[in-house]
Amino acid sequence: MAGAAGEVREALASATDALRAAGVDSPRLDAELLLAAATGRDRAALAAAPEAPVSASAGRSFGASVRRRVAREPLAYILGRRGFRRIELEVDSRCLIPRPETELLVELAVELEPRTVLDVGTGSGAIALAVADELPGCTVVGTDISRAALAVAELNAERLGLGERVSFELGTIPAHDRFDLVLANLPYVRSDEWGSLEPEITRFEPRSALLAGEDGLLAIRSLLAALSDPGAAGLRCDAIALEVGAGQAQAVAALLEGAGFAAEPRVDLAGIDRCVVGRRS
């Protein structure tokens, strides 16, 4: 199959067929990206020279990558990277893969122009680092309950040169007095939804970063409870923005209002209420 050396067109055709048969949503695109990584050429160069040979070593690397993708391992884990806003992040199975819809949280931060931000459940550091990248005057703290995920976030901060303005802490609520804005992409998948998700998610991504009880709101409730009891951690915030699942915005808005915030849903590019913004009443 794609593990044998041959021409670019042959390698892509074989891999595309295998990925399509495995149920991959974008078989041709994934094949092109994997071949580009294996050969060190970009997709435009591959398209311009379909008759170019694929070396034996590149063929072996490509074949191994295609087999991983056939097994439905996420493309981002295979490539080891994922673009998010203006930055590129290193990612692996220790952390959730950043999604395009999560960029809405960064857009909200840019709109609100905070000087201090807390990113709860930072994972790869995507939100924290993107906010720091786009708001040069802002300092950001990212927290996570996973030491493994924090190791990825710290690596990304160092590689992007943002370590002076972004710090990471183990846990949920840090011992800081006040933040202008709290951002959080917490787990929000309901228990009964798990079996219907793509195998890329259920087989490979960290379950603890996705599942949140019977109604998908367990993690959000826990965060708001902590924010409603500032004596426990000494933390206050002026505003909060939470990413939510489809159909959860109304329930989360009610939770925010119960915690003393005025709530407002925000839609993503698909027209779904994807975030709920809360401001102190």
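Q: Which helix gives the most to the lining of the largest pocket?
A: H10 gives the most, with three residues. Helices (H or I, at least four residues) and strands (E, at least two) are DSSP runs numbered from the N terminus. This is a predicted model in which local features need pLDDT of at least 70 and side-chain atom pairs count only at pLDDT 80 or more, while totals for chains, interfaces and linings use all residues. Residues are numbered from 1 along each chain as its sequence is written, and side-chain values use heavy atoms, with hydrogens and water left out.

Q: What volume does the largest pocket have?
A: The volume is about 910 Å³. Of the 43 residues lining this largest pocket, Leu96, Asn185, Leu186, Pro187 and Ala209 are the closest to its centre. Two or more lining residues come from each of helix H7 (126-134), strand E6 (139-144) and helix H10 (218-228). A pocket here is an open set of points on a 1 Å grid over the protein atoms alone, where a 1.4 Å probe fits, with protein on both sides within 12 Å along at least five of seven lines, and lining residues have an atom within 4 Å of a point. Points are joined across faces, edges and corners, and the volume is the space filled by probe spheres set on them.

Q: And how many lining residues of the largest pocket are charged?
A: Eight are charged, alongside 21 nonpolar and 14 polar residues. Ala, Val, Leu, Ile, Met, Phe, Trp, Tyr, Cys and Pro count as nonpolar, Asp, Glu, Lys and Arg as charged, and the others, Gly among them, as polar.

Q: What about the classes in the lining of the second largest pocket?
A: That lining has eleven charged, nine nonpolar and two polar residues. The second largest pocket has a volume of about 530 Å³, and of its 22 lining residues, Arg69, Pro74, Leu75, Ala76 and Arg82 are the closest to the centre.

Q: Switching topic, is threonine 143 buried or exposed?
A: Threonine 143, which lies in strand E6, counts as buried because its relative accessibility is 1%, where buried means under 20% relative accessible area with a 1.4 Å probe and protein chains only.

Q: Which residues does threonine 143 touch?
A: Leaving out residues up to four places away in sequence, its contacts include Leu118, Asp119, Glu169 and Pro174, with contact meaning heavy atoms within 4.5 Å.

Q: Where is leucine 104 found?
A: Leucine 104 is in helix H6 (residues 103-112), and is buried, with a relative accessible area of 12%. Beyond residues up to four places away in sequence, leucine 104 touches Arg266, Val267, Asp268, Arg274 and Cys275.

Methods
Buried < 20%, exposed > 50% of the residue type's maximum accessible area, 1.4 Å probe, protein only.
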